[in-house]
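The questions below go through one model, from its overall make-up to single residues.

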Amino acid sequence: MANEIIPYLEMCAREALSLQRGMNFDLGRGYSVILMSLRPNAPYRDRLDDDGSTLTYEGHDSPRSEATPNPKEVDQPERTPSGSLTQNGKFFAAAAAYKRGEANPQLVKVYEKIHQGIWSYNGTFRLVDSWRERDWKRMVFKFKLVVAEDAETSANWPTEGSERRRLIPTPIKVEVWKRDRGRCVMCGAADELHFDHVLPYSRGGTSVTAENVQLLCARHNLSKGAKIV
Ligand SMILES: [Zn+2]
């Protein structure tokens, strides 16, 4: 469920792999997984557009090695030294195939770091574009992902609700997490938390201010949903 808050280890267990890598193309279950961070000290320049429905994700650097002591100073690689596609190369090729009309867009589950060891599930996106651009003295990959409106039609996906989904901006998430001290505001539970809109989108609520967002546990999230008709 989008806006769910997940401890790092649980996120890894759910995706059945060690998510040491930020980019994980096609995990064999019909989707890819990327980890993003919009925090000020984040290593890559991921960007969310104004209305929160489009994500521009930066490709990843070469691993640091003897041959590449400063990965930030060299082009982000499309291929490994042995010639196979890197994660950048795989996502880039998938976006190119989609643009040529040869494939459906790759479905991508997006997780975002909001606190040490604490991640937020941002829901599913479609990879619709990719390009390379100059960043200071090197070339980096960029990937454009748009919110998947109907991903819940597949049995593999949790229900996202029918209203148009938008991401809650990162500073709001971080502020709400700190203000509510990582606990449900109703009962103090510290697990199965979600970011909840006090007044839902469907009734004119917003995610632009922290006042309209709060932490709720799964139980209180559900009981609230039942009351709002
Ligand atoms: Zn609760």
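Helices, of at least four residues, and strands, of at least two, are DSSP runs numbered from the N terminus. The model discussed here is a predicted one.

Q: Which loop holds arginine 181, and what is its phi?
A: Arginine 181 lies in the loop between α3 and β9, and with 10 C-beta neighbours inside 10 Å it counts as exposed, the cut-off for that class being 12 or fewer. Its phi is positive although the residue is not a glycine, and the value is near 55°.

Q: In what order do helices and strands follow one another along the sequence?
A: The protein contains 4 helices and 10 strands. Read along the sequence, these elements give the pattern β-α-β-β-β-β-α-β-β-β-α-β-β-α.

Q: In which helix is confidence lowest, in which is it highest, and over which residues is the pLDDT below 50?
A: For the protein the mean pLDDT is 87, and 90% of its residues reach 70 or more. Confidence is highest in helix α2 (residues 87-99), at a mean of 98, and lowest in helix α4 (residues 218-227), at 82. The stretch where pLDDT is below 50, which has 17 contacts in the model beyond near neighbours in sequence, covers residues 151-163.

Q: Which residues touch the most other members of the largest nonpolar core, and where does this core lie?
A: The largest nonpolar core has 42 residues, and those touching the most other members are Ile34, Phe91 and Val108. Residues of this core come from both domain 1 (4-165) and domain 2 (168-229), so the core lies between the two domains.

Q: Which residues does isoleucine 34 touch, once residues up to four places away in sequence are left out?
A: Isoleucine 34 is one of the residues that touch the most other members of the largest nonpolar core. Not counting residues up to four places away in sequence, isoleucine 34 touches Gly22, Met23, Asn24, Tyr57, Val108 and Val110.

Q: Do the buried residues of α2 lie on the same side or on opposite sides, and what covers them?
A: Helix α2 has 13 residues and reaches 18 Å from its first C-alpha to its last, close to the 18 Å expected at 1.5 Å a residue. Its buried residues are Gln87, Asn88, Phe91, Phe92, Ala94 and Ala95. Because these cover an arc of only 160° around the axis, they are on the same side of α2, and their cover includes β2 (23-24), β6, β7 and β8 (138-147).

Q: Which residues of α3 are buried, which are exposed on the other side, and what covers the buried ones?
A: In helix α3 (residues 170-179), the buried residues are Thr170, Lys173, Val176 and Trp177. Their arc around the axis is only 130°, which means that they are on the same side of α3. On the other side, Pro171 and Lys178 are exposed, whereas the cover over the buried residues includes β6 (106-115), β7 (118-135), β9 (193-197) and β10 (213-217).

Q: Is phenylalanine 143 buried or exposed, and which residues does it touch?
A: Phenylalanine 143 is found in strand β8 and is buried, because 25 other C-beta atoms lie within 10 Å, where 20 or more are required. Between phenylalanine 143 and valine 128, which are 15 residues apart in sequence, the C-alpha to C-alpha distance is 7.9 Å. Not counting residues up to four places away in sequence, phenylalanine 143 touches Tyr57, Gly59, Phe91, Ala95, Leu127 and Ser130.

Q: With which residues is arginine 138 in contact beyond its neighbours within four places in sequence?
A: The place of arginine 138 is also in β8, and with 13 other C-beta atoms within 10 Å it is partly exposed. Arginine 138 and glutamate 73 are 65 residues apart in sequence, yet in space they are 6.6 Å apart, C-alpha to C-alpha. Leaving aside neighbours within four places in sequence, arginine 138 is in contact with Glu73, Val74 and Asp75.

Q: Where is tryptophan 136 found, and what is its phi?
A: Tryptophan 136 is in the loop between β7 and β8, and it counts as exposed because it has 7 C-beta neighbours inside 10 Å. For a residue other than glycine, tryptophan 136 has a positive phi, near 60°.

Note on methods: Residues are numbered from 1 along each chain as its sequence is written. This is a predicted model: local features need pLDDT of at least 70, side-chain atom pairs count only at pLDDT 80 or more; totals for chains, interfaces and linings use all residues. A nonpolar core is a set of buried Ala, Val, Leu, Ile, Met, Phe, Trp, Tyr and Cys residues joined through C-beta atoms within 7 Å. Domain bounds come from an automatic or database domain assignment. Two residues are in contact if their C-beta atoms, placed from the backbone, lie within 7 Å. The arc is that of the directions from the helix axis to the C-beta atoms. pLDDT is the predictor's confidence in each residue, from 0 to 100. The expected span of a helix is 1.5 Å times one less than its number of residues.
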